[in-house]
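Please go through the model below together with the text that follows it.

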Amino acid sequence: MRGGMPQGSAQEVMMMADGYTGKVLRVDLTNEKISTEALNREYAKRFMGGKGLGARYLFDELKPGTDPLSPDNVLTIWTGPAVGTFVPLNGRYVIVTKSPLTGTFLDSYAGGFFGPEVKYAGFDGVIIKGKAKKPVYLWLNDEKAEIRDAKNVWGKDTYKTEELIRKETGEPKARVACIGPAGEKLGLISSVTSDLTRNAGRGGTGAVFGSKNLKAVAARGTLGVEVPDMEGFMKWAKEMVQKDVVENPDHSGMITDGTPILVDLSNDAGILPTENWRTGVFEGSKGINSEAIKTRVLVRKKACFSCAIACGTHAKVKKGMFKDAATEGPEYETLGLCGSNCGIRNVEAIVKFVEDCDRFGLDSISTGNVVALVMELYSKKLLTKKEVNGLDLKFGNEDAYSKMPRIIANREGIGNVLADGTKKAAKKFGKGADKMIAEVKGMEYPAYDPRGSIGMALAYATSDRGACHLRAWPVAAEAYGSMDPWTPEGKAAICVEDQTRTSVKWSFIFCDFYSVNFANMAKYYTAVTGVQSSEAHMREIGRRIWNLTRAFNVREGFTRKEDTLPEKMAKDPLQDGKPKGHVVPKADFEKMLSEYYKLWNWDEQGRPTRTALDDAGLSDIAKRLSYLK
Amino acid sequence: MHSTHHPWQLSENIRFRRRFHMSKGLKAEVEKCTGCQLCALACSANHVGKFNPSESRMNVVDAFPEPGEYRLNYCIHCDEHPCVEACPVEAIKLDDALGIYVVDKETCTACGACVDACPYNGCWLDPKGSYSIKCDLCGGTPQCVEVCPKGVLKR
């Protein structure tokens with residue numbers, strides 16, 4: 001295997017104290033070639049890092065129409081200018097590629113410690129192309145990179161993989177992002193798992209790794225990150241950690257409870273997905289809410305890199321059939337989709353389920369959805385016991401349920417159908433299963449039922465990677481706030497504002513749970529890079545990035561007809577609680593969508609106009625879009 | 001060349017000493033630690049002008065899922081200071097004002113004798129192997145104590 005110092009222009013890269021390492025690693029797995037090149041500084045200025053930088057490199061380097069699981073797909077990993085610094089809640093990395101689940105742009109993030117380690121190893125980003133002849137992993141260590149034989153770890157779960165790679169590299173502090181059996185077997189709901197319990201979960205990142213015979217990327221770095229004025233930076237940043245993070249009232253629930261605090265809020269609002277989206281009120285919610293976690297499974301609180309909140313929970317089951325199962329979490333989305341949506345009333349079963357999702361490399365949001373689908377089909381006798389691997393797979397059966405991650409990851413029996421997500425599974429099942437699922441562009445819904453918060457239907461429909469809650473989150477104002485959750489009025493504006501802000505946040509890369517505004521992001525940007533910034537500057541970057549990912553998807557053939565509302569959400573009224581009797585009326589949905597396009601200055605088909613692209617500083621992109629010629 | 005990696009197991013005795021006022025060094029209620037490493041970042045910022053946990057005088061170790069805990073390795077400024085006795089070039093010198101022993105970077109030859117001598121995993125060589133690093137209480141205002149969001153560390 002090829003190793004040693006990468007060839008290329010590393011020595012020409014100027015060291016600047018501006019947050020960036022200034023270097024991008026390029027890996028050609030087919031020809032086993034590695035090189036280092038200078039970061040495109042113009043792109044860094046225009047697209048910052050993380051999501052933005054990844055989107056731009058992907059737009060340039062991926063041929064439209066490429067099969068996401070072919071060697072031609074481009075797999076990239078990015079940090080951001082502030083990653084590895086003292087900027088709080090900023091230790092993330094992103095995988096940017098074309099999604100095999102949705103066929104769209106994909107940006108999938110994870111916290112933990114892997115992102116900073118890549119930066120400390122000397123790289124702002126890694127661009128991987130081709131396909132290795134046999135399983136390999138990539139080892140990054142202080143500006144050196146190596147393609148290594150993965151024969152000892154292929155087939156192993158993610159926990160074992162991390163352990164073995166640390167042994168092989170002799171670096172007990174190495175950070176490992178890897179796939180489990182789900183990714184190896186090209187499951188379209190497979191994730192990349194880092195630090196055992198953190199996942200770049202959504203969109204089938206694991207399958208992209210698997211398709212390239214890439215088991216893992218491991219990093220260990222001791223090079224550090226520099227900023228222009230360290231003394232001034234620390235003086236100011238220490239105060240920000242205290243005032244804007246620790247004492248910020250927006251964070252109080254995250255500090256005391258973490259995301260599980262949302263279980264009760266959602267249940268009260270009637271939007272907690274329950275029994276495959278049948279209702280939004282779960283009778284068993286007390287067994288899976290934050291109180292249940294704190295009193296039954298919590299061992300200690302756990303933070304990601306540079307996080308003063310520490311929302312994470314090291315949880316371990318103390319007794320019963322799942323004794324000693326342990327995980328970090330479970331988080332709200334998992335509690336909703338792998339809990340109430342599967343009729344599961346005990347957090348212990350969810351701890352076991354999500355530990356297995358992490359071990360085998362599965363996205364828990366999509367996995368919860370697909371297990372709930374098969375439970376509904378089984379309950380309605382549309383699938384026999386024999387067809388579901390001999391399991392009595394009714395809602396709430398913890399024993400049968402707990403076996404599902406392994407079955408799905410390994411594609412055993414029914415697992416072979418479920419491994420590719422609800423949309424493909426429903427098509428294979430027939431029997432009206434397509435009317436039982438909640439997805440957009442093939443990506444499963446997160447745990448906020450839009451029938452009790454209709455802005456979420458717009459948020460899911462217009463997210464650039466398929467149904468996602470991390471681009472816009474109108475539920476905060478609607479079901480959790482004081483805004484009418486059923487009027488279409490004003491929802492488009494929330495989505496536009498949120499998508500602009502998150503595009504910037506995901507380019508630093510900040511965590512969702514830092515309630516940081518544009519003005520403070522501008523200050524962080526200046527403090528890290530030395531470049532003057534402002535709220536307007538940050539907004540400009542956000543608009544540029546959101547238009548770019550939209551342009552990417554339009555180039556792949558996506559238009560209004562793919563910005564969909566699942567039939568179930570339009571036709572089946574919710575059964576209980578505040579949203580009882582409510583659907584998301586199709587007419588309201590279309591009204592929101594049209595208004596949304598107008599606010600972005602896109603055409604009625606949802607395609608960015610030339611003016612929109614020019615205004616966003618994307619004239620060079622406009623030139624490359626055939627519909628604008 | 002001495003390894004910069006350590007066995008991170010610490011005896012109960014050491015944990016006890018770190019927690020209560022049994023030495024001149026920092027006290028840590030490690031069970032409150034959430035492993036965010038802000039301490040290590042503030043430390044390296046102050047000592048080497050970079051954000052780099054590997055150059056921090058505070059070594060935060062996470063061990064999950066088993067035994068499911070954090071360990072904080074740093075110089076506790078013990079009374080016995082075997083590092084001082086072990087140093088062949090007298091590079092670990094008494095800071096009169098603070099009453100603690102600190103490494104004089106210029107004198108240190110990076111032989112690693114102090115690393116071997118310390119029973120507390122309190123010092124190690126920097127990543128380049130050029131000198132021994134250990135806590136110097138930032139001259140009296142330990143930055144890690146200032147930034148710890150969970151109140152783990154105390155002077």
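**A walk through the two chains**

Val136(A) has Asp149(A) as its bridge partner in E9(A). The model is a predicted one. The pairing to which these two residues belong is antiparallel, and 6 bridges join E8(A) to E9(A). The two strands form a hairpin with 2 residues between them, where Asp142(A) takes a positive phi near 45°.

E8(A), residues 136-141, also pairs with strand E13 of chain A, residues 214-220; here the sense is parallel, again over 6 bridges. Within that pairing, Leu140(A) has Ala219(A) of E13(A) as its bridge partner. Strands of a sheet are paired through hydrogen bonds of the backbone, in a parallel or an antiparallel way.

Both pairings sit in an open sheet of 6 strands in chain A, with mixed pairing and the order E9-E8-E13-E10-E11-E12. Which strands stand at the edges? They are E9 (144-149) and E12 (198-200) of chain A; each has a single partner strand, so one side of each lacks a neighbour in the sheet. From one strand to the next, the twist averages 20°.

Turn now to the helices of chain A. H11(A), residues 332-339, packs against H12(A), residues 347-360, at an angle of about 105°, and their axes are 10 Å apart. Angles of 65 to 115 degrees count as roughly perpendicular, and H11(A) and H12(A) are therefore roughly perpendicular to each other. From H11(A) the contact draws on Thr334(A), Leu335(A), Cys338(A) and Gly339(A), and from H12(A) on Ile350(A), Phe353(A) and Val354(A). By class these are 5 nonpolar and 2 polar residues, with no charged ones.

Helix H19 of chain A covers residues 491-508, and at 1.5 Å a residue its 18 residues should span 26 Å; the end C-alpha atoms are 26 Å apart, which agrees. H19(A) is mostly covered, with 15 of its 18 residues buried. A cis peptide bond, with omega about 20°, joins Phe508(A) and Ile509(A). Ile509(A) belongs to the loop between H19 and helix H20 (518-529) of chain A.

Arg411(A) is not a glycine, yet it has a positive phi of about 55°. Its place is the loop between helix H15 (404-409) and helix H16 (415-418) of chain A. With 18 other C-beta atoms within 10 Å, Arg411(A) is partly exposed.

Chain B has 5 helices and 8 strands, in the order α-β-α-β-β-α-β-β-α-β-β-α-β from the N terminus on. Of its 155 residues, 45% are buried. Among contacts in chain B between residues at least 6 apart in sequence, those joining residues at least 24 apart make up 55%.

The peptide bond from Glu66(B) to Pro67(B) is cis, with omega near 0°, and Pro67(B) lies in the loop between strand E2 (59-63) and strand E3 (69-73) of chain B. Glu90(B), not a glycine, has a positive phi of about 55°. Glu90(B) is in the loop between helix H3 (82-86) and strand E4 (92-95) of chain B. Is Glu90(B) buried or exposed? Glu90(B) is exposed, with 10 other C-beta atoms within 10 Å.

The last topic is the contact between the chains. Chain A brings 28 residues to it and chain B 24 residues. On the side of chain A, helix H7 (230-246), strand E14 (298-302) and strand E15 (312-316) each supply at least two residues. H7(A) gives the most to this side, with 5 residues. The residues of chain A that touch chain B divide into 16 nonpolar, 6 polar and 6 charged.

Key
Residues numbered from 1 in each chain as written. Chains lettered and ligands numbered in written order. Predicted model: local features only at pLDDT ≥ 70, side-chain atom pairs only at ≥ 80, totals over all residues. Contact = placed C-beta atoms within 7 Å. Helix = DSSP H or I, 4+ residues; strand = E, 2+ residues; numbered from the N terminus. Nonpolar A, V, L, I, M, F, W, Y, C, P; charged D, E, K, R; others polar. Pairing = 2+ DSSP bridges. Axes fitted to C-alpha atoms, helices over the stretch in contact; angles between N-to-C directions. Expected span 1.5 Å × (residues − 1). Buried ≥ 20, exposed ≤ 12 C-beta atoms within 10 Å, placed from the backbone. Parallel < 35°, antiparallel > 145°, perpendicular 65-115°, else oblique.
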